[in-house]
Amino acid sequence: MQLVENHREEGHHRQRVLLTLGSLDELRESGQIDTLLASGSRLSASLLVLTEHQRGELQSTPPRRLGAVLAFERLWTQTGCRDVLQKLAEERRFGFPLERAVFFTVLHRLLTSGSDRAALQTWQEDYQIEGVDDLRLHQLYRTMAFLGEELAEDEQAGATPFSPRCVKDQVEEALFTRGRDLFSGLELVFFDTTSIYFEGEGGATLGQHGHSKDHRPDLKQMVVGMILDGQGRPVCCEMWPGNTTDVTTLLPVVDRLKRRFGIERVCVVADRGMISAKTIAALERRELEYILGARMRTQKEVSEQVLGRAGRFHEVTPPRRFTRDPSPLKVKQVWVGEGEGARRYIVCRNEEEARKDAHDRAAIVAALRDALRHGDKSLVGNKGYRRYLRAAGPRFAIDEGRIADEARYDGTWVLRTNSTLPTKDVALVYKQLWMVEEMFRSMKSLLTTRPIWHKCDETIRGHVFCTYLALVLRKAMEDRLEAAGIGEAWARVLADLDRLTYVDVAKDGKRFRLRSSTSGCAGKVLQALGIAAPPSIRLLAVEEGTA
């Protein structure tokens, strides 16, 4: 065993033996090698601190979580959220860092959610977030009120009939402008709505009774609309009183999109709840393209002519071989009418879903036949049963014709469009509308946006908008992970990032910060975001008078 020095000589690397320590086997047997290494470690304060900390010989501060903050701080900057909010805050004197308050709220929604009060009292202590230590609860409420604040009267051009233009609209427009380049636009937009209920009155105008998608008609609610671009990125969110119907929102939103984002050509993709003959006529008068879901059972033209038309289906996606394969899809095109008034429909069929629908219906009918033997009056209130019943004198019987008719709809959906896209592309584009539904599931479940306790319209709008910003960061993260080939589940990504922590320790008048090792996918996630993990040990400070 030798101590060797590397040096450069005449352009080549050379080694020079400084000291021969002896035979390695003899040093191991005698234990001298352990003594030698232990003696050398005393010359390295960092190594000594790590060793003593692992042995539990040093007192340390409580661990603080670091990974998620590093990741989302980077995305907060890259998406432009930091700069846009800082610029808006410069125009007002809040007396506290408004941009930091928004980021704090958004990060809380992403990682834990819950009340803002709980975030300040307990959650904040677990995380290292720059610039938020002095935030107070009333400042978070002021922040949300600012985001939902109505703009001046001369800045209301383009507002929908249901809601005014607010500060949050300025943020959305600035973020869109920053992310737009010469080769990107907003030609394809996905639009859907949902309802969110209130525990209280729900503001002066937003809280109204309406059709509740949460099955809580007893509570006042608001309607939230989400618009995504062709890549599934959130573009903006709209908020209306709870009694606003979906059919009345589509046209004002389209008009507002064109004005807000300078769109010349747009194709609107929306589900069957948005469609009506009046809406379609208005879209065509505006020379706008659309891909809309059609109501198969209630529209005679669809149920009788479109579904009744013979024709060959063309395979878009073959049957699955593996679970992760895309679902099977067949399509065919049907034209109804002639000349300029001809209407284009796309019939889509998923054989896998058709088998499931048939199996489910068979199970319901089998249970219904069994239940009829024990009396039929109690069955009328069951929607699953009632659709297959018919009156037969004083009693009820199974409607065999209805069962046969329902089989026509198994695994099938119909689209109406005026787009010139190929048939298969129309179907594939509409399937992407499910991205909006996933966004709403994230907004209402993962991020726990509901229920809302705020009582003022402006704070309610700000509260929901913070969830929208959380979805912006989530989508940005998912895009970067996909580009890096990281296919981990979202919950796993957050859990692994949360395991990256640090503690502060003191030794011999010096303070050190020790970082835990990365575990799971945390290291790959940080690498995908272009973030270098902090050093394992870092000297923070040396006390005065310490040599």
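# A guided tour of the predicted model

Begin by selecting Arg165, Lys168, Asp169, Glu172, Glu173, Glu238, Arg256 and Arg260, which are linked in a network of salt bridges (a salt bridge is a side-chain nitrogen of Lys or Arg within 4 Å of a carboxyl oxygen of Asp or Glu). The model is predicted, so local features need pLDDT of at least 70 and side-chain atom pairs count only at pLDDT 80 or more, while totals for chains, interfaces and linings use all residues. Residues are numbered from 1 along each chain as its sequence is written, and side-chain values use heavy atoms, with hydrogens and water left out.

Next, select helix α18, residues 457-483. Helices (H or I, at least four residues) and strands (E, at least two) are DSSP runs, numbered from the N terminus. The expected span of a helix is 1.5 Å times one less than its number of residues; for the 27 residues of α18 this gives 39 Å, which agrees with end C-alpha atoms 39 Å apart. Of those 27 residues, 21 are buried, so α18 is largely enclosed by the rest of the structure.

Because they are 4 residues apart in the helix, about one helical turn separates them. Arg474 counts as buried at 13% relative accessibility, whereas Glu478 counts as partly exposed at 30%.

Move on to strand β15, residues 501-507, where 6 of the 7 residues are buried. Two strands pair if DSSP finds at least two bridges between them. β15 pairs with strand β16 (residues 510-515) in the antiparallel sense over 6 bridges, and Ala506 has Arg511 in β16 as its bridge partner. In the hairpin of these strands, Asp508 takes a positive phi near 55°.

β15 also pairs with strand β3 (residues 64-65), in the antiparallel sense over 2 bridges; here Arg65 stands opposite Thr501.

What forms a salt bridge with Arg65? The partner is Asp498, with the closest N and O atoms 3.4 Å apart. This pair links distant parts of the chain, 433 residues apart: Asp498 lies in helix α19 (residues 490-498) and Arg65 in β3.

Terms used
Buried < 20%, exposed > 50% of the residue type's maximum accessible area, 1.4 Å probe, protein only.
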